[in-house]
Amino acid sequence: PIPSNWVKYRAIDYGLDMTACLWIAVDYKGRCYVYREFFQGKDNGMEGLIASEAAEKILERTLPGERISATFAPTDIWNTQKDTGKSAAEVMMFAGLNLVRASRNRVQGWLQVKEYLRNMPDGIPRLLIFNTCKTLIKCMKEIQVSEKDPDDCATEPHEITHAPDALRYFCISRSLPSEEKSEVINEEEILEAEVGGAQEDYDEFMTGGEPTASYLNYR
């Protein structure tokens, strides 16, 4: 089970041929876990989704109370459509799926994916994938290096690029590790606490006392 206080993200790749979405949780050390996936489109023999339907499907698969800090998406879905005057991103956000633009730099994106797959000091990779995310695992095994640029990945066969691209959008974007919550202290106990036989000064308690040199010199 993913702890409820871990920071969670989504990353999507969208087109009428395929809607791809990954859910990623980040623990206290900054290690990332891809723990859920969703794929629907012509590439897996299903009906393609228009933008509003894609947003609804993704939101349906996000559990109640599962707070998502950001959903990273490719920049091309912000392109305005000539027939409607709106972008797919606008339609998705109107449906309730808020999006953050991911960098379109492919080479830097794949380099970041490799950094995430590198072992941390404890000998375990920074990025782990739940074995229930079968499509992502399959496509990551099958995707090849581009013949034109050894620092990039091939865009063909196209049907295996959606899952790795969604992962790339997450890896190149800024994500933060979770913060461990400190022990909750009863407010009444704070007010009743006495220091040296006298009740602690409220203002000093709330502000932490006089500012120190290290605080003033912090950059």
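Colleague: In which strand does K8 lie?

Modeller: This is a predicted model, so everything here is computed from predicted coordinates. The strand in question covers residues 7-15. K8 therefore belongs to strand 1.

Colleague: K8 is buried; which side chain of opposite charge is nearest, and how far away is it?

Modeller: A salt bridge requires a nitrogen-to-oxygen distance within 4 Å. K8 has no salt bridge. The nearest side chain of opposite charge is that of E66, at 5.7 Å.

Colleague: Which backbone oxygens does the side chain of K8 reach?

Modeller: Polar contacts are counted within 3.5 Å. A polar atom of the K8 side chain lies 3.3 Å from the backbone oxygen of P3. The side chain also reaches a backbone oxygen at 3.2 Å, that of S4.

Colleague: Where is V26 found, and is V26 buried or exposed?

Modeller: V26 is found in strand 2, residues 18-26. Buried means under 20% relative accessible area. The value for V26 is 2%, so V26 is buried.

Colleague: What does V26 touch beyond four places in sequence?

Modeller: The list includes W6, V7 and Y9, along with R31 and C32. V26 also touches F170, L176, P177 and S178. As for E179, 153 residues away in sequence, its C-alpha is separated from that of V26 by 9.9 Å.

Colleague: How many residues does helix 3 have, and what is its span from first C-alpha to last?

Modeller: Helix 3 runs over residues 106-117, which gives 12 residues. At 1.5 Å a residue, 16 Å is expected. The helix comes close to that, reaching 17 Å.

Colleague: Which residues of helix 3 are buried, and why are they on the same side?

Modeller: The buried residues are G109, W110, V113 and Y116. They are on the same side of helix 3 because they cover an arc of only 115° around the axis. In general, an α-helix has 3.6 residues a turn, so residues three or four places apart point the same way. The arc asked about is thus 115°.

Colleague: Which elements do the buried residues of helix 3 pack against?

Modeller: Two of the partners are strands: strand 3 (32-41) and strand 6 (127-129). The others are helix 4 (134-142) and helix 5 (162-172).

Colleague: Which residue caps the N-terminal end of helix 3?

Modeller: The backbone nitrogen of V107 lies 3.3 Å from a side-chain oxygen. That oxygen belongs to the capping residue, N105.

Key:
Residues are numbered from 1 along each chain as its sequence is written. This is a predicted model: local features need pLDDT of at least 70, side-chain atom pairs count only at pLDDT 80 or more; totals for chains, interfaces and linings use all residues. Side-chain values use heavy atoms; hydrogens and water are left out. Helices (H or I, at least four residues) and strands (E, at least two) are DSSP runs, numbered from the N terminus. Buried means under 20% relative accessible area, exposed over 50%, partly exposed in between (1.4 Å probe, protein chains only). Lys and Arg count as positive and Asp and Glu as negative; His and the chain ends are not counted. A polar contact is a pair of N or O atoms within 3.5 Å; within protein, one must be able to donate a hydrogen and the other to accept it, and residues adjacent in sequence count only if both atoms are side-chain atoms. The expected span of a helix is 1.5 Å times one less than its number of residues. The arc is that of the directions from the helix axis to the C-beta atoms. Contact means heavy atoms within 4.5 Å.
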